[in-house]
Amino acid sequence: MKVTVTVNDSEHSAEVEPRLLLVHFLRETLSLTGTHIGCDTSHCGACTVLVDGVPVKSCTYLAVQADGRSIETVEGLLDGGQLSPIQAAFKQEHGLQCGFCTPGMMLAAKALLATNPDPSDEEIRWALSGNICRCTGYMNIVRAVQAAAKAAAESQPQEVPA
Amino acid sequence: MHPPRFDYVAPRDLGEALDRLAELGDEAKVLAGGQSLIPLLKLRFAAPALLVDVNRVPGLDTLGEQDGWLRVGALVRHRSAEQAALLRERYPTMAAAAPQVSDPLVRNLGTICGSLAHADPSGDWGAVMIALGAQLVASSRDGERSIAARDFFAGPFETALRPDELLVEAQVPAPATRRSGGAYLKLERKVGDFATAAVAVHLAFSNGHIGTAGIGLTAVGPTNLAATEAEAVLTDAEPSDELFREAAELAARAAQPSDDQRGPAAYKRNVVRVFTERGLRAAAAMAQGAEVHEA
């Protein structure tokens with residue numbers, strides 16, 4: 001059946017089988033291989049993408065369910081050829097070792113910061129608890145999210161006192 | 001892993017969804033959050049001819065009070081329950097359970113009613129709905145019927161729902177003028193795991209003594225279980241440490257745990273005892289300290 005999906009702000013239509021998982025649609029139909037398949041059993045969160053801004057596991061979501069919806073993948077983070085604040089923070093804080101979980105981590109982090117721009121350590125760990133880092137690099141991942149939050153706050157215009 | 005082939009429809013109204021279920025019977029499966037169903041399809045434990053995706057059916061995402069009931073529609077996600085101020089204020093057992101269901105990514109999609117209809121004996125919401133005395137509303141082309149949560153679970157992954165029925169709503173009795181409290185205590189090996197064992201507790205006080213008591217158990221039997229003997233000794237009783245210890249012993253006896261990779265049966269039974277006692281103390285403290293809510 002036909003699906004039309006907006007992926008990273010550009011619209012794509014394709015004829016797909018209903019059983020096609022969103023992760024395969026992204027990787028194979030659209031050749032966006034930044035979304036990784038980790039466990040393929042809904043445990044690890046490596047395949048996390050944003051559907052209408054909400055982080056979900058794309059290995060546990062059908063492409064046909066995404067019809068008419070807006071998807072953001074790690075490829076969409078790049079901002080005019082520049083690393084986005086979250087990507088820059090992961091680089092700066094060494095928030096990755098092998099890098100396999102990183103796309104999912106960054107998208108889950110982006111969704112967190114969109115609703116909670118100044119999260120505590122505990123809130124970051126809680127929000128990322130569906131994303132597993134097999135290298136166990138969690139300390140630096142949490143630091144990276146903190147750094148991204150700080151960078152975003154500093155780039156905001158200062159409030160003018162009334 | 002790819003699911004087996006199936007046809008897919010995403011009806012825009014409830015009648016159309018119920019028509020498809022009536023036509024296909026048990027060859028059709030309802031897709032809501034999909035967080036249990038899609039893994040089952042990928043593992044080829046399920047091979048329906050048709051998926052009826054209800055995510056585009058309007059009116060199924062109600063989460064609010066009406067006529068003395070909290071209505072939880074078929075599309076209310078775990079995440080919505082986790083964030084709802086109404087649940088934190090008036091339904092503490094639900095508010096305690098919601099953030100303990102799986103992980104945040106699953107909670108963004110998975111639904112309360114879907115979890116109930118899936119009827120995994122390790123699912124959290126069945127125990128909560130049993131403890132709260134909920135009614136589950138099944139809809140079909142023939143009309144609606146209401147099934148008590150404690151009569152809903154027939155066996156592992158089996159419910160009282162007919163193949164042509166959709167679980168459209170869970171209805172939880174609203175706390176009346178009585179003081180009430182609740183807790184959901186869950187032991188898991190790691191964040192996001194299924195329960196090793198868990199206990200849902202609900203107490204409603206009336207004139208200083210316990211009016212009604214509900215205790216539901218998770219992952220210690222072929223279905224979520226009601227600890228009915230424990231509930232009976234608590235009902236209309238004066239709260240005391242001794243009473244809570246006795247009820248906890250009875251709840252442990254009601255558990256039917258098995259040995260598995262999450263632990264031996266005797267250990268799980270003891271977890272039920274300890275969690276029931278802790279839950280009752282917490283619920284009683286909450287109820288006796290709470291402001292009286294006028295419904």
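Trainee: Among contacts in chain A between residues at least 6 apart in sequence, what share joins residues at least 24 apart?
Mentor: That share is 60%. Keep in mind as we go that this is a predicted model.

Trainee: Okay, and what is chain A built from?
Mentor: Chain A has five helices and five strands. Starting at the N terminus, the order of elements is β-β-α-β-β-β-α-α-α-α.

Trainee: How compact is chain A next to a globular protein of that length?
Mentor: It is as compact as one, because its radius of gyration is 16 Å, close to the 15 Å that the globule rule gives for 162 residues. The C-alpha trace of chain A spans about 55 × 40 × 25 Å along its principal axes.

Trainee: And what percentage of chain A is buried?
Mentor: Buried residues account for 44% of the 162 residues in chain A.

Trainee: Let's look at the start of the chain. How do β1 and β2 of chain A run?
Mentor: They run antiparallel, and six bridges join strand β1 (residues 2-7) of chain A to β2(A). For one pair to find on screen, take A:T6, whose bridge partner in β2(A) is A:E11.

Trainee: What sits between those strands in the hairpin?
Mentor: The hairpin of β1(A) and β2(A) has two residues between the strands, and A:N8 there takes a positive phi near 50°.

Trainee: How many residues of β2(A) are buried?
Mentor: Zero of its six residues, so to speak of cover, strand β2 (residues 10-15) of chain A is hardly covered.

Trainee: Switching topic: which domains does chain A have?
Mentor: There are domain 1 (2-76) and domain 2 (85-154). The C-alpha centres of those domains of chain A lie 21 Å apart.

Trainee: Which domains does chain B have?
Mentor: Its assignment gives domain 1 (7-53), domain 2 (63-173) and domain 3 (179-289). The C-alpha centres of domain 1 of chain B and domain 3 of chain B are separated by 35 Å.

Trainee: Last one, helix α11 of chain B. Why does its span agree with what it should be?
Mentor: At 1.5 Å a residue, the 14 residues of α11 (residues 241-254) of chain B should span 20 Å, and its end C-alpha atoms are 20 Å apart, so the two agree.

Trainee: Which of its residues are buried, and what do they pack against?
Mentor: The buried ones in α11(B) include B:F244, B:L250 and B:A254. The buried residues of α11(B) pack against β12 (197-206), β13 (209-218), β14 (225-226), α10 (228-234) and α12 (265-289) of chain B.

Key:
Residues are numbered from 1 along each chain as its sequence is written. Chains are lettered from A and ligands numbered from 1 in the order in which they are written. This is a predicted model: local features need pLDDT of at least 70, side-chain atom pairs count only at pLDDT 80 or more; totals for chains, interfaces and linings use all residues. A residue is buried if 20 or more other C-beta atoms lie within 10 Å of its own, exposed if 12 or fewer, and partly exposed in between; C-beta atoms are placed from the backbone. Helices (H or I, at least four residues) and strands (E, at least two) are DSSP runs, numbered from the N terminus. Two strands pair if DSSP finds at least two bridges between them. The radius of gyration is taken over C-alpha atoms; the globule rule is 2.2 Å times the number of residues to the power 0.38. Two residues are in contact if their C-beta atoms, placed from the backbone, lie within 7 Å. Domain bounds come from an automatic or database domain assignment. The expected span of a helix is 1.5 Å times one less than its number of residues.
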